[in-house]
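Good morning, and thank you for making time for this item.

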Amino acid sequence: MDSSEHGSSKSSTGEASAGTLPPGLTEEEAEEIQVELTKVEDEIQTLRQVIVVKERHAAELKRRLGIGPLSEIKQNLTKGWHEVQCSNAYLTASATLEEIGRSDAYKRTQETLSQAGHMTSAAFSSVGSAIRNRFGEMRNSPSFKSFEDKVENMKYKVMGRSNGESDHSPTSNNAPF
């Protein structure tokens, strides 16, 4: 920037504060401070422009390396998880859980639950065997055999009629099944 631009910003700010100088500050000191403020603001603007250029350059380098937005998210999540694992809260909780896992009460509870699981498994197995045996007995009973024969006769009668044939007995060799 040239000096004319500095002078214009000084005059606009200077005019606004010309009549009201802070106590203990001379007009010459105020003018020096104003010049310094203008320089700092110009440097800030220049740095903003440099940051924009650097961000574009970084984005181009990432694109050329094949680092996309998803890769960046994955990297950020990995880094965040690592930071969580290194945090005092996580380490304290982890140590507490390890202590609980080594405690006698936990071991007894684990053993009790394991035994209960085995007993439940055995009970279900016994119930399954009993039901299977009961159905086997039921199937061999005279009343079930009678019911089975009646269903078979009905099936052959219906199938025989649907094919345009007369009644067939279940002992017939022409059975469709």
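By pLDDT I mean the predictor's confidence in each residue, on a scale from 0 to 100. The model before you is a predicted one, and so that scale comes first. Which helix has the lowest confidence, and which the highest? The lowest mean in the chain is that of α1, at 44, while α2 has the highest, at 95. Averaged over the chain, pLDDT is 82, and 80% of the residues reach at least 70.

Two stretches call for caution. Where pLDDT is low, the predicted coordinates should not be read in detail.

Let me turn to the overall architecture. The chain contains 6 helices and 0 strands, so the pattern along the sequence reads α-α-α-α-α-α. How much of the chain is buried? Of its 177 residues, 4% count as buried. The accessible surface amounts to about 15,000 Å², and carbon and sulfur atoms account for 58% of that area. As for contacts with a separation of 6 or more, 22% of them join residues 24 or more positions apart.

I now move to individual sites, starting with a loop. Leu 25 sits between α1, residues 3-17, and α2, residues 27-65.

Trp 81, Val 84, Tyr 90 and Leu 91 together make a nonpolar patch of about 380 Å². Which helices supply at least two residues each to this nonpolar patch? They are α3, residues 69-86, and α4, residues 88-102. Trp 81 belongs to α3, and because its relative accessibility is 48%, Trp 81 counts as partly exposed.

To close, I would ask you to keep two points in view. One is the contrast in confidence between α1, with a mean of 44, and α2, with 95. The other is the nonpolar patch to which α3 and α4 each contribute at least two residues. Thank you; I am glad to take questions.

Key. Residues numbered from 1 in each chain as written. Predicted model: local features only at pLDDT ≥ 70, side-chain atom pairs only at ≥ 80, totals over all residues. Heavy atoms only, no water. Helix = DSSP H or I, 4+ residues; strand = E, 2+ residues; numbered from the N terminus. Buried < 20%, exposed > 50% of the residue type's maximum accessible area, 1.4 Å probe, protein only. Contact = heavy atoms within 4.5 Å. Areas by Shrake-Rupley, 256 points an atom, 1.4 Å probe, with all protein chains shown as cover. Patch = residues over 30% accessible without salt bridge, like charges linked within 9 Å, V, L, I, M, F, W, Y side chains within 5 Å. Salt bridge = Lys/Arg side-chain N within 4 Å of Asp/Glu carboxyl O.
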